[in-house]
Amino acid sequence: MSESVKVFMGGTFDPIHNGHLRTALEIQQWLGVRQVTLMPSKAPVHRQQPERSGQQRLDMVRLAVADEPALVADEREVISANASYTVLTLESFRRELGRQVPVCMILGMDAYLSLPQWDRWFELLNLCHIVVVKRPGWIYEPCAQMQQISHEHEIDDVDAMLQKPAGHVIFRELTPLGISATQIRELISGGRSPRYLIPDAVWNYIKQNRLYNFEQHNEGK
């Protein structure tokens with residue numbers, strides 16, 4: 001098992017759900033690394049702002065991974081004074097780990113194909129490898145720019161990738177779990193239970209803190 005590799009998955013996690021957790025665990029096992037870090041963003045730059053505070057979303061991630069040693073929460077974006085620019089997060093990892101430790105960032109295909117819209121996106125592969133999660137049946141339709149990036153950087157050998165600190169893109173198809181945070185928020189605000197879509201500890205936290213328009217009549221669910 002690769003002890004010195006850093007693998008992380010960012011997101012709003014609003015709230016974290018079993019799809020996030022299963023993805024992270026499958027990637028951890030496939031790469032053969034000790035842990036995958038789950039990192040809630042503070043103020044995402046390229047998408048709608050989360051409904052809940054960074055601290056609340058971090059609390060839920062911590063509860064979700066509390067009994068799984070292969071997954072761990074990271075607070076750095078939530079407590080940062082900066083907006084959640086991925087390049088800044090990667091630079092903070094490099095300050096901690098040095099230039100030679102392999103760092104892998106997990107992205108969904110949608111996020112990967114949108115990279116040209118990200119701040120300083122052309123620097124990312126100098127700082128990390130990118131693990132792109134594909135849904136079964138996904139049609140890969142990159143723009144010309146991303147097609148070139150994939151052509152230049154794609155690799156299909158995990159061991160070879162992890163011999164280098166950064167610079168590769170690898171694609172992985174995972175178990176499909178049709179769960180979304182939007183779906184969960186809508187269930188809760190509509191008075192329905194999201195149980196079995198999210199960890200029970202996260203559901204209990206939502207009820208206790210009355211998040212996502214949770215109302216009194218939901219309490220027994």
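Me: What should I know before reading any values?
Reply: This is a predicted model, where local features need pLDDT of at least 70, side-chain atom pairs count only at pLDDT 80 or more, and totals for chains, interfaces and linings use all residues. Residues are numbered from 1 along each chain as its sequence is written, and side-chain values use heavy atoms, with hydrogens and water left out.

Me: OK, how many salt bridges are there?
Reply: The count comes to 9, taking a salt bridge as a side-chain nitrogen of Lys or Arg within 4 Å of a carboxyl oxygen of Asp or Glu.

Me: Which residues are linked in a network?
Reply: Asp-14, Glu-51 and Arg-185 are. Asp-14 pairs with Arg-185 at 3.8 Å between the closest N and O atoms. Asp-14 sits in the loop between strand E1 (6-11) and helix H1 (18-31) and Arg-185 in helix H9 (residues 181-189), so this pair ties together parts 171 residues apart in sequence. Helices (H or I, at least four residues) and strands (E, at least two) are DSSP runs, numbered from the N terminus.

Me: And Glu-51, what does it pair with?
Reply: Arg-185, with the closest N and O atoms 3.4 Å apart. Glu-51 is in the loop between strand E2 (36-40) and helix H2 (54-65), so its pairing with Arg-185 in H9 ties together parts 134 residues apart in sequence.

Me: Is Asp-14 buried or exposed?
Reply: Buried, with a relative accessible area of 2%; buried means under 20%, exposed over 50%, partly exposed in between (1.4 Å probe, protein chains only). Arg-185 is buried too, at 18%, while Glu-51 is partly exposed at 44%.

Me: Switching topic: how many disulfides?
Reply: The structure holds 0, a disulfide being a pair of cysteine sulfur atoms within 2.5 Å. For Cys-104, the nearest cysteine sulfur is that of Cys-128, 7.8 Å away. Cys-104 is buried at 0% relative accessible area, and Cys-128 is buried at 0% as well.

Me: Last one, what lines the second largest pocket?
Reply: Residues including Arg-76, Tyr-85 and Arg-95. H4 (86-97) and H3 (76-79) each supply at least two lining residues, and H4 gives the most, with 5. A pocket here is an open set of points on a 1 Å grid over the protein atoms alone, where a 1.4 Å probe fits, with protein on both sides within 12 Å along at least five of seven lines; lining residues have an atom within 4 Å of a point.
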